[in-house]
Amino acid sequence: MLGTLLAYRMYGVFHLPVFIWSTVAVILIMLSTYYNGEYCDIVEDRLLTAMGRSAFHGGSGIIAEDVLSYKYAKIAGYVALVLAVIIGLILQFHYKTGLWTIPLGVIGIISGFFYSKMPVRWVAKGIGEVLIGICYGWLPVAVSFYIQSGTVDSIVYWVSLPIACTIFNVILINEFPDYHADLIAKKNHLVVRLGKEKAAYLYILITVIAWVTYVLSVRQGLPSIALVFYAPIFMVSLSVVIMMLCKKYLDRKLLEIMCGLTIVTNLGTTLSYIIAVW
C-alpha cells in the first residue's frame, strides 16, 4: 500500500485492478511460504510442542500435532505458488505493468518458496533474515510503486530501509524462544549461529540503523510530520533496546512482550509513513 500511495502522490497514477491483483499475488506468495514452513519445519515444531510453544513461533503446529497431514500443506503451497505466477503473467502481459514485473515477482517467489524448503532452505544458511528484510521491506514498496508508475524512485529505497530493518528484527527476536529446539534440529539461523547475547547486540545495532535511516528518509522530501507520527514508535523500540541491554530476553514472559513490541515497531514504522504521505 505504501508504494502505491507514494506513486499516486508523486505521479498522480492509480490503477485499481493492478493494485488488487498485485495484493492478491503477494498474499499467495506469503501463503506458499507459510505452507512450506508448516511441513518443512516439522522436526522443530515437534520439539517445540514437547518443550512448550511460544506465542510467536512461526508455525501453527497443526502438522506436528497430527491435526492435519503434511500432504495438504504441501499441495496448498504449490497451488498458491501457481496462482501467484498466473497473476504475475496477467499483470505484465494484460495490464502491461512493465518488463520488471515478473523478475521482481521471481525474487519474492524464490526467497519465500525456498525459505524453509530443501535443498535451498535459506533459513538454515544464516541469510534467511536478510532475505525477509528485503522481501518484506524493499520488495513490496518497490513493486507496488513500479507497477503503478513504471519506475522506481530513490525515495522508495529510503523508506524501505527502516521497514526492512524492523522486519529483520521481528524475525531475529522470534528466533530467541525457539533457540534450543532449533539448535537440536540444526536449523542454523542467526540466533543459533551467534548465540543469544551476540544476537541481542545485532538486534540493537539494526534498531539504531532503523532510527537513523528513518530520519534520513524524511530528509529526502517526505513530509516532516512523519517524525511526529514516528515518535511513539521510536519510544517503543527504545524500550525493547533497553530490555535487550538488560538481558530481559532470558525471561520467557518478558521475551514474548519484546517480540510483540517488535512487531508493533515494524507495523508502526510503515503506518507512520502512510499517514504522513496520505
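**Close-up views of helix H12 and its two partners**

**View 1. The crossing of H1 and H12 is left-handed.** In this predicted model, the axes of helix H1, formed by residues 2-11, and helix H12, formed by residues 252-277, come within 10 Å and cross at roughly 25°. Because angles under 35 degrees count as roughly parallel, H1 and H12 are described as roughly parallel to each other.

**View 2. Residues that join H1 to H12.** On the H1 side the contact is made by Leu2, Leu5, Leu6 and Arg9, while H12 contributes Thr270, Tyr273, Ile274 and Val277. Sorted by class, the contact of H1 with H12 holds six nonpolar residues, together with one polar and one charged residue.

**View 3. Helix H7 against H12.** The axes of H7, which spans residues 154-174, and of H12 come within 9 Å and cross at roughly 165°. H7 and H12 are therefore roughly antiparallel to each other, and the crossing of these two helices is left-handed.

**View 4. Residues that join H7 to H12.** From H7, the residues Trp158, Val159, Pro162, Ile163, Thr166, Ile167, Asn169, Val170, Ile173 and Asn174 meet a set in H12 made up of Leu255, Met258, Cys259, Thr262, Ile263, Thr265, Asn266, Thr269, Thr270 and Tyr273. The contact of H7 with H12 divides by class into twelve nonpolar and eight polar residues, with no charged residue among them.

Notes:
Residues are numbered from 1 along each chain as its sequence is written. This is a predicted model: local features need pLDDT of at least 70, side-chain atom pairs count only at pLDDT 80 or more; totals for chains, interfaces and linings use all residues. Side-chain values use heavy atoms; hydrogens and water are left out. Axes are lines fitted to C-alpha atoms, for helices over the stretch in contact, and angles run from 0 to 180 degrees between N-to-C directions. Helices (H or I, at least four residues) and strands (E, at least two) are DSSP runs, numbered from the N terminus. Angles under 35 degrees count as roughly parallel, over 145 as roughly antiparallel, 65 to 115 as roughly perpendicular and the rest as oblique. A crossing is left-handed if the near helix is turned anticlockwise from the far one by less than a right angle, and right-handed if clockwise. Contact means heavy atoms within 4.5 Å. Ala, Val, Leu, Ile, Met, Phe, Trp, Tyr, Cys and Pro count as nonpolar, Asp, Glu, Lys and Arg as charged, and the others, Gly among them, as polar.
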